[in-house]
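Please keep the sequence and the coordinates in view while reading.

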Amino acid sequence: MGSHALAYAQTVAAVEIRDLVVRYGSLTAVDGLSFEAPAGCITALLGPNGAGKSSTIEVACGLRPATSGQVRLLGRDPQDPVVRAQLGVMLQTGGLFPTARPLEWLTYLAKLYPNPADPADLLDAVGIDPGLRTQTRRLSGGEQQRVKLAAALLPQPQILFLDEPTAGLDALARRNLLDLLRKQRDLGKAIVLTTHVLPDVEDLADSIWVMSDGRIIMQGTLAELTGSSQAISFTGPMHLAIAGLMQALPEGYVASETQPGKYVVTGNPTPQVMATIASWCAQHGVMVSELGVGSRTLEQLLIETSKEGNR
Amino acid sequence: MNHVSMARRVTAHAQWELKLLIRNGEQLLLTFVIPVVLLLALGFTKLSTQSIDAAVPTVFAVSILATCFTSLAIGTGFERRSGALRFLGTTPLSRLDLVFGKLIATGLLTLSSIIAVAITGTFLDWRPSASGLALALIVGVLSATVWVSWALVIAGYFRAEAVLAIANGLFLVLMIFGGVVIATSRMPNLLAHMVDLLPSAAMANGLRDALQLNSVPVFAVIVLAVWALIGIWMAKRVFRWEP
C-alpha cells in the first residue's frame, strides 16, 4: 500500500460527509456521521447489517435526501449535474435493465455522460462478450455483477461507490475485479466500498471506516485497526460454553467464537491468561490446538465491536 | 464539456424508451391492433349508433388513455421494481429528464397509433377538416402530457402490483364513466358538470369538439392544462427511484 498511503495523506477528500443524519420516521438510520474518502484511495465502509452504510451511500449518490448534515462530492452538491457526470455507482440491488442486452444498456447509458468509455471495450474488460444477445435478466448472478461493474466504470468517473461488488463472483472473476479496482485507484479515482467480504477489504482498502448504529466508531488503516492490540486465539470443538471461560478469565477479557471451532480472547495476552485458558480447557476435557498470540483479524475486530455494540 | 445537456439526455432517454416500447409485442397490440380493430368494428357493424365522425375521436381518446397512461404506468412500475430506475437515479438523468423522455417516446408511439386509426378512418369515409385536425393535435398533446405525468405519479409512488391494479382499474372506470365512451352530453346535468372536470372527459370532449364540430375546445384545453401542470409537479415531487 506504500505509495497509496502517501497519496492518502496528501490528497484532498473527493467525498466529504459532515454530521449526516438520515431518519425514516422515528427510526434514525444515520446519526451524525462524518466520513471522508480521498482521491486515489480505496476507502471501505464496514459495519453490521442495519449500521447505516446503505443509507449513507444512498444520500451520497443523490438517491435519498439527508435529514440534516452536509454531503460534498468533489467539493459540490451531489445533485449537481457536473458531479453526477463524475459518479460511478454499483448498487447491490438494481443497476440493470431486465429486458435489455448488456451492450445496448451500456450504449444508452453512455449517452448520458460527457466522456464515457467505449461500452464494448468495457464489457470485454469485465469478461462479458459484447455481442451477447441475452437479456440481462437471464444472465447468471456473476455475469450480472460484471455488467453492473461495467456500468459503474462507464462514465470514467472520479468517484466510484461500490456496494458488495464481489457478491456472486467466482474466484477468477473476483480476482479480475479486484485488479480492475486497483487500476482505478492508481488512476486517481476515489473508491468507496461497502462489503461483508472482509478478505476483499484486507486485500484492497487503504482506509477503513467502521460503522455501528449510524455512527463511525473506528477509522484507520488495516494495520492501525488490527495491529494495535493483540489477541489470543485457539482452535477447538465447535460451540464451547464460552460464558464459562469468560468467568475464569480476569475482568476486561472478552472471549468469542469467531467461526465454528475458532476462538479469540481479546485483552492483554499475558502468560497467566494463556495458562488460564489452557487450564479451563483441560478441566472441561477440551482438546485445543493452535493456541497462540497474534494480531486481530478484521473479522475478529468487527465481531468484537458488534458484540460491544449489542451490550 | 462537464456534463451532457438536458436536451441530449432527454433525447437519449426518449430513444431508449421508444426502442423498448417497439420491441414489446403486447405494447404493439395495445397501441396499434386494438384501436384499429375497435374502429373497424364500429365502422363495419351496426353495433354502434355513433357515426364514424363520432367513433374516430372516441377511439383516439381510448388509444391515448391506453398508451400514455395504463401501459406507461405498468411498464414504469415494473422498471422501478427491478431496480433499473434506482440505478438511473444515480446517473445524470434527472426526474424531469425521465418525465420528458417518457413523454416524448410515448407521445410518438401514440401519434403513430392515431395515424393508424386515422388512415383506417379514411377508408370508412371519415373526412376531418385541416383546422379540426390542428385543434385535435393540441388537445392530443395536452392529453398525452396529462396521462404521462399521472402515470409516473402512480408508477413512482405505489408498488408494481398496486400500479397494475390501479392503472387497469382507472382505465376501465375512466373509459366507461369518465366521459370517453359515454359522452358527458348524455349524462345527467350535475354528474356531467363533475365529470367534465376529469381529464378523460376533457380529452374526449376536446377531440370531439375539434374533429366533429370544428370548434375550439377552450374549456377542455384549460382543464387539461391544469391537470398537466399538477401532474408534472406531482411527478417531480413524489416519483421515487427505489423499488
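In chain A, 70% of the contacts with a separation of 6 or more join residues 24 or more positions apart. The model in which these contacts are counted is a predicted one. Its chain A contains 12 helices and 13 strands, and 43% of its 311 residues count as buried. Along the principal axes, the C-alpha trace of chain A spans about 70 × 40 × 40 Å.

The domain assignment divides chain A into domain 1, residues 2-225, and domain 2, residues 230-295. Taken over C-alpha atoms, the centres of domain 1 of chain A and domain 2 of chain A are separated by 38 Å.

A:Leu20 is located in strand β1 of chain A, which comprises residues 13-24. Is A:Leu20 buried or exposed? The criterion for a buried residue is 20 or more other C-beta atoms within 10 Å of its own. Because A:Leu20 has 24 other C-beta atoms within 10 Å, A:Leu20 is classed as buried. Leaving aside residues up to four places away in sequence, A:Leu20 touches A:Val30, A:Leu33, A:Thr56, A:Val59, A:Ala66, A:Gly69 and A:Val71. A:Asp179 lies 159 residues from A:Leu20 along the chain, and the C-alpha atoms of these two residues are separated by 32 Å.

Attention now turns to chain B. Its secondary structure consists of 10 helices and zero strands, so that the pattern read along the sequence is α-α-α-α-α-α-α-α-α-α. Of the 243 residues in chain B, 50% are buried. Among contacts in chain B between residues at least 6 apart in sequence, 81% connect residues at least 24 apart.

How does the extent of chain B relate to its length? The C-alpha atoms of chain B occupy a box of roughly 55 × 40 × 35 Å along the principal axes.

The packing of helices in chain B can be examined through one pair. Two packed helices are described by the distance between their axes and the angle between those axes. For helix α9 (residues 199-213) of chain B and helix α10 (residues 218-238) of chain B, the axes come within 9 Å and cross at roughly 145°. The crossing of α9(B) and α10(B) is left-handed. On the side of α9(B), the contact involves B:Pro199, B:Ala202, B:Met203, B:Asn205, B:Gly206 and B:Asp209, while α10(B) contributes B:Ala220, B:Val221, B:Val223, B:Leu224 and B:Trp227. The residues of this contact of α9(B) with α10(B) comprise eight nonpolar, two polar and one charged.

The last topic is the contact between the two chains. Which numbers of residues do chain B and chain A bring to the contact? Chain B provides 21 residues and chain A provides 23 residues. On the side of chain B that touches chain A, α1 (6-23) and α4 (84-88) of chain B each supply at least two residues. The most is given by α1(B), with five residues. By residue class, the side of chain B that touches chain A divides into 10 nonpolar, seven polar and four charged residues.

Methods:
Residues are numbered from 1 along each chain as its sequence is written. Chains are lettered from A and ligands numbered from 1 in the order in which they are written. This is a predicted model: local features need pLDDT of at least 70, side-chain atom pairs count only at pLDDT 80 or more; totals for chains, interfaces and linings use all residues. Helices (H or I, at least four residues) and strands (E, at least two) are DSSP runs, numbered from the N terminus. A residue is buried if 20 or more other C-beta atoms lie within 10 Å of its own, exposed if 12 or fewer, and partly exposed in between; C-beta atoms are placed from the backbone. Two residues are in contact if their C-beta atoms, placed from the backbone, lie within 7 Å. Ala, Val, Leu, Ile, Met, Phe, Trp, Tyr, Cys and Pro count as nonpolar, Asp, Glu, Lys and Arg as charged, and the others, Gly among them, as polar. Domain bounds come from an automatic or database domain assignment. Axes are lines fitted to C-alpha atoms, for helices over the stretch in contact, and angles run from 0 to 180 degrees between N-to-C directions. A crossing is left-handed if the near helix is turned anticlockwise from the far one by less than a right angle, and right-handed if clockwise.
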